Amino acid sequence: MKSICVFEDMAYQNFLPLSYDRPVYELRCGIYTFLERIILQYPDTEINLFCREYLKNLISENYSYNVNKIKSNNNGCLFINGRLLISSPISVSGEEEIGVKDNSIVYARLLRKNCLSITPKKFLDPGFINEIKKKIKVKRVNARLVQYPWDLIHINKEQITSDFTSYIKVESIRENKYKGVHLINDSQIFTGKNTVIKPGCVLDSENGPIYIGHNVKISSNSVIEGPAFIGDNVVIQPLSRIRAGSNIGRVCKIGGEIMNTIIQDYSNKQHDGFLGDSYIGSWVNLGAGTVNSNLTNTYGTVKVQMFDKIIDTGQTFLGMIMGDHTKTAINTRFMTGSIIGFACNILMTRTPPKFIPSFSWYSDNVTRAYDLKRELQVAKRMMARRNKKMTRNGEKVFKTIFALTETERKLHDS
């Protein structure tokens, strides 16, 4: 059987805080995660996954694939960078070679002898590319490797349309039991099984397709503009405005106005408030009236603080990046280009800082590290409300992230 291995390299650090508790290839852009899109290209192929060692057991719980090991295979293996926005399959068969772009490995097609010497740590070593170049033929390729979270936001609309065109077969929209739903260009609208769209809703796909998954409830008088993706078991509250580029993961509860924003699974933004050009992790809860700015008053490019560095993103529109398990109080207002860490609690009447380290408790009167034991309790309570239980491996990852981000908090305090 042919074999591929999806790996992550050192550039996962550019995607923090989103990548603290997941490999980069589990991030969403378009209708799929990077991993899902790669797997679609390789039916009847053995799948292997490489990730950071502390994530190994948690990833093994979620997939039936080999994690951080490759079965002996006489045909070798094709290693694919998990940051690759793949549009067509790279050949598994052929001579040994590595595909390279901008000194990053896009893929490595290796025969059995060289394949068995490769470990996840190799790809996480920035010097590995120079080592392997001495042994294997190098091919320069024009591939699309994402570099930062704002790349995902920037290409999200285009990717929803591309995924819909490439992978979604639309025969007709499923019959809706409610009358009074207005569909514009319905040949570009897909709805899954048991999805309910209440009266007064408008689904407008004139400027891009709309994909709505299974068991979704779209409440009355909501508007959805394509291109848009809404995953399984999502609830859209009444009078919601789901604007172009909205990308909502599974089991989310959404309300208010959302535009060109990616939200991972199990997060809530149920109430009024604008969320634009942002990327929100899983298990996030945004209090009523939480808003973000996505455009500076100077109309210039947005600069962000990534730990101790200031980066010009080159983007005119950029809202915020928010890690998993973070919560905000009512009427929280985020500035353009905010980076909010993993497992933060933000309770401020004034505007929060543009950079908030992971495991931070921010209120008007107190700024301190969030107590690990207390935050674990909060995370477990929220998961229980969705009938999910944090496993031992999930708890270990949570505690590991707390230890990893201690330097981040100290750096910010200094």
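Is Cys252 buried or exposed? In this predicted model, Cys252 counts as buried, because its relative accessibility is 0%. Cys344 has a relative accessible area of 0% as well, and it is likewise buried.

A disulfide is a covalent bond between the sulfur atoms of two cysteines. The structure holds zero disulfides. For Cys252, the closest cysteine sulfur belongs to Cys29 and lies 16 Å away, so the two are too far apart for a bond. For Cys344, the closest cysteine sulfur is that of Cys252, at 19 Å, which is again too far for a bond. As a guide to these distances, a disulfide calls for two cysteine sulfur atoms within 2.5 Å.

Attention can now turn to the spaces in the model. Rolling a probe the size of a water molecule over the atoms shows where empty space is left. The largest pocket contains about 1100 Å³ of space. Its lining is made up of 37 residues, and those nearest its centre are Glu26, Asn62, Arg250, Asp265 and Tyr266. Sorted by class, the lining of the largest pocket comprises 17 nonpolar, eight polar and twelve charged residues.

The second largest pocket has a volume of about 400 Å³. Among the 19 residues that line it, Tyr12, Gln13, Leu16, Tyr20 and Phe307 are the closest to its centre. Here β30 and α9 (406-413) are the elements that give two or more residues to the lining, and α9 gives the most, with three residues. The lining of the second largest pocket divides into eleven nonpolar, four polar and four charged residues.

There is also one cavity of 30 Å³ or more in the structure, and the largest cavity holds about 30 Å³ of space. Leu16, Pro17, Phe307, Ile339, Gly341, Phe355, Ile356 and Glu408 form its lining, with six nonpolar residues, one polar and one charged.

Strand β29 (residues 303-306) pairs with strand β30 (residues 309-312) in the antiparallel sense, over four bridges. Within this pairing, Gln305 has Ile310 of β30 as its bridge partner. The two strands, β29 and β30, form a hairpin with two residues between them, and Phe307 in the turn has a positive phi of about 60°.

Technical notes:
Residues are numbered from 1 along each chain as its sequence is written. This is a predicted model: local features need pLDDT of at least 70, side-chain atom pairs count only at pLDDT 80 or more; totals for chains, interfaces and linings use all residues. Side-chain values use heavy atoms; hydrogens and water are left out. On a 1 Å grid over the protein atoms alone, a cavity is a set of points where a 1.4 Å probe fits but cannot get out, and a pocket is an open set with protein on both sides within 12 Å along at least five of seven lines; lining residues have an atom within 4 Å of a point. Grid points are joined across faces, edges and corners, and a volume is the space filled by probe spheres set on the points. Ala, Val, Leu, Ile, Met, Phe, Trp, Tyr, Cys and Pro count as nonpolar, Asp, Glu, Lys and Arg as charged, and the others, Gly among them, as polar. Buried means under 20% relative accessible area, exposed over 50%, partly exposed in between (1.4 Å probe, protein chains only). Two strands pair if DSSP finds at least two bridges between them.
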